[in-house]
Amino acid sequence: MQQSNYIGRFAPSPTGPLHMGSLVAAMASYLDAKANHGQWLVRIEDLDFDRNVKGIDQHILNSLHRCGMHWDGDVTWQSQRQHLYQDAMQTLDQHVYPCACSRKEIADSRLRMGEVASQIYPGTCRAGLAAGKTPRAWRLRLPQPHCNITFDDRYYGQQTQDITTEVGDFVLKRADGFWAYQLAVVVDDAAQGITHIVRGADLLDSTARQIYLQQVLYLPAISYLHVPVVNNEAGEKLSKQTGAMAFDRGDNDLLKDALLPAASFLELAIGDSVSSIDAFWKLALASWTIKMKL
């Protein structure tokens with residue numbers, strides 16, 4: 001079904017050049033937007049200031065252009081939008097509380113409770129900070145004893161997560177000013193009018209938290225599609241942390257070395273005889289439209 005109000009996005013972090021896993025996510029989001037005659041935006045998620053690499057944002061944009069993926073409108077940078085996150089925090093005021101717990105203290109608390117999942121926050125600071133403690137972060141207070149979030153993923157089907165018991169009150173902002181991904185992405189998607197998110201399945205676990213934030217901030221619901229992630233030979237998700245190499249070395253054949261392998265991973269019927277990037281995208285768009293029954 002064609003949708004004139006479709007707005008999708010690709011939101012890479014400038015912590016390193018795009019690798020094959022990034023390209024798969026970008027390709028899927030781009031094709032889905034084009035197949036629905038929608039807009040495709042690009043947002044640089046550069047809030048992790050400790051890990052940002054100077055100049056990588058432009059490298060990413062250049063790689064997208066070299067691959068023939070052209071975005072609509074202006075590129076946005078999260079670092080220029082922090083006032084929006086502060087406004088959201090003020091809106092959430094009654095749902096937010098300061099937390100003084102370190103990672104070790106959270107893990108120790110879970111162990112004392114006889115729990116294995118040591119990173120699920122046990123609510124230590126819900127009733128207030130202990131004497132002499134200063135905030136390390138601000139957390140979102142979740143409904144007790146359960147908060148079940150259910151949504152339909154266009155690839156993986158119906159998903160349900162009890163964010164109270166499976167995640168716990170999660171961080172929105174650190175005391176050093178670092179804004180958490182969960183809040184920033186929700187605020188940005190709403191501000192940009194995003195209607196459809198297509199991204200890697202490594203972010204599937206984050207979706208329930210983002211939907212809950214949309215609900216408490218009274219923001220529009222979004223359609224989700226998570227595509228499988230690309231793994232390395234050791235079975236680990238391709239990432240900068242696992243040493244994933246850039247697919248764009250500046251002088252290599254992106255059609256042969258990047259676009260065709262990414263399309264093959266997405267199980268798009270294109271073949272190896274395509275001779276140009278423009279021809280590739282025409283075939284990829286037709287194949288995606290059939291694959292997704294659009």
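**Exercise 1. Work out what share of the contacts with a separation of 6 or more joins residues 24 or more positions apart.**

Solution. This is a predicted model, so take its contacts as computed ones. Start with the contacts in the protein chain that have a separation of 6 or more, then keep those between residues 24 or more positions apart: you land on 74%. The elements behind that fold are nine helices and 10 strands.

**Exercise 2. Check the radius of gyration of the protein chain against the compact globule value.**

Solution. Step one: for 294 residues, a compact globule would come out near 19 Å. Step two: the chain itself has 20 Å, so the two agree.

**Exercise 3. Find how covered helix H6 is, and what its buried residues pack against.**

Solution. First, use the cut-off: buried means under 20% relative accessible area. By that rule, 50% of the 294 residues in the chain are buried. Next, go to H6, residues 181-191, where eight of the 11 residues are buried. They run from Gln 182 through Leu 183, Ala 184, Val 185, Val 186, Val 187 and Asp 188 to Asp 189.

Now look up their partners. On the strand side you get S1 (7-10), S2 (39-44), S8 (171-174) and S9 (196-200). The helices they pack against are H3 (82-91) and H7 (207-216). Last, step just past the end of H6: Gly 193 has a positive phi of about 70°.

**Exercise 4. Compare the centres of the positive and negative side chains.**

Solution. Count 28 positive and 32 negative side chains, then take the two centres: they sit 4 Å apart.

Notes:
Residues are numbered from 1 along each chain as its sequence is written. This is a predicted model: local features need pLDDT of at least 70, side-chain atom pairs count only at pLDDT 80 or more; totals for chains, interfaces and linings use all residues. Side-chain values use heavy atoms; hydrogens and water are left out. Helices (H or I, at least four residues) and strands (E, at least two) are DSSP runs, numbered from the N terminus. The radius of gyration is taken over C-alpha atoms; the globule rule is 2.2 Å times the number of residues to the power 0.38. Buried means under 20% relative accessible area, exposed over 50%, partly exposed in between (1.4 Å probe, protein chains only). Contact means heavy atoms within 4.5 Å. Lys and Arg count as positive and Asp and Glu as negative; His and the chain ends are not counted. The place of a charge is taken as NZ of Lys, CZ of Arg, CG of Asp or CD of Glu.
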